[in-house]
Amino acid sequence: MEFPQNVVDNHKTIDGFVIILDEFQLIGEFENPEAFFWLIRSYTQHQDNVTYIFTGSTSAASEIVDQINGAQGAFGGRMIQFPVEPFSEEDTYDYLKEMIPEIKFTPEGLKRFYRYTGGYPSYINSFCNTMSGGRVYDNQMVIETFYSKLDQIAIMWVTIWSSLSDYEKEIIKILVENGAISWSELLSRVDYSNKTLLKYTNRLKNKGILSHIDRKYTIDDMMLRSWLKYRQENDGYYPP
């Protein structure tokens, strides 16, 4: 932790460091993440030429964000937060036109494509990887391609799903089947304690999978919800 500032102090050709910690929400899996953030703060307050950037996929209201930059967090609101929003429909069109011009759509097909991807670049790219140049995708063709290639489009979630605990999977399945529900409703549908449920809902929020809005829990990502619902309806069971 002291190394970057020592380099700046002792080497005139180096003006400073930018240190990036990606997927920082996984720090929430530490036994004591608050201690880790306070440790970083104890060093950064004595560093003049070292900047830390934390990046990751999580809800702005997640516990891990509160632990690092909430009112009682290590940095107490002094960190600058930049939420990265998905593309608008117009942004999506411009991105496709510039980066993947060989994929063509009718106006209705483009609207359906945007509805399925939500404007998230990773989903736009993975969806386009399943499509063919030289064809013009209308509404029905987009629907057919989406569901026939869903495992490829949602490949990120296929990987993440296999890494989740049985507790986490059960919570997600309940939300797929019931939509947004309150804490009491969610608790009534599991056979473990309030404390255990809190532990795993917090983990899922830190991973950017759950949101807690208007006192209700819901799945934060539409692609995950679509993939699980499709697999259950077509296979008769959720992925193991």
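The structure holds 4 salt bridges. The model is a predicted one. Its largest pocket has a volume of about 1,500 Å³, and about 230 Å³ of space lies in the second largest pocket.

**Salt bridges**

- Glu89 and Lys111 meet through their side chains in a salt bridge, at 3.3 Å from N to O. Glu89 belongs to helix α4 (residues 89-99) and Lys111 to helix α5 (residues 107-117), so the pair ties together parts that are 22 residues apart in sequence.
- Glu89 counts as partly exposed because its relative accessibility is 31%, while Lys111, at 51%, counts as exposed.
- A salt bridge with an N to O distance of 3.0 Å joins the side chains of Arg231 and Asp151. Arg231 is found in helix α13 (residues 222-235) and Asp151 in helix α8 (residues 150-153), so this pair ties together parts that are 80 residues apart in sequence.
- Arg231 counts as buried, with 16% relative accessibility, whereas Asp151, with 36%, counts as partly exposed.
- The side chains of Glu168 and Lys207 also form a salt bridge, at 3.0 Å from N to O. This pair links distant parts of the chain, 39 residues apart: Glu168 is in helix α10 (residues 166-178), and Lys207 is in the loop between α12 (194-206) and β5 (210-213).
- Glu168 is buried, its relative accessible area being 2%.

**The largest pocket**

- The lining of the largest pocket consists of 40 residues, and Gly56, Ser57, Thr58, Ser59 and Val84 are the ones that lie nearest its centre.
- Two or more lining residues come from each of β2 (50-54), α3 (63-69), α6 (121-128) and α9 (155-163). The element that gives the most is α9, with 4 residues.
- By class, this lining has 23 nonpolar, 11 polar and 6 charged residues.

**The second largest pocket**

- Residues lining the second largest pocket include Ile40, Thr44, Gln47, Phe75 and Met79.
- The elements that give two or more residues to this lining are α2 (33-44) and β2, and β2 gives the most, with 5 residues.
- The lining of the second largest pocket has 7 nonpolar and 3 polar residues, with no charged residues.

**A nonpolar surface patch**

- Val18, Ile20 and Ile53 make a nonpolar surface patch of about 270 Å².
- Val18 has its place in strand β1 (residues 17-21), and Val18 is exposed, with a relative accessible area of 54%.

Notes:
Residues numbered from 1 in each chain as written. Predicted model: local features only at pLDDT ≥ 70, side-chain atom pairs only at ≥ 80, totals over all residues. Heavy atoms only, no water. 1 Å grid on protein atoms, 1.4 Å probe; cavity = no way out; pocket = protein on both sides within 12 Å on 5 of 7 lines; lining within 4 Å. Points joined across faces, edges and corners; volume = space filled by probe spheres on them. Nonpolar A, V, L, I, M, F, W, Y, C, P; charged D, E, K, R; others polar. Patch = residues over 30% accessible without salt bridge, like charges linked within 9 Å, V, L, I, M, F, W, Y side chains within 5 Å. Areas by Shrake-Rupley, 256 points an atom, 1.4 Å probe, with all protein chains shown as cover. Buried < 20%, exposed > 50% of the residue type's maximum accessible area, 1.4 Å probe, protein only.
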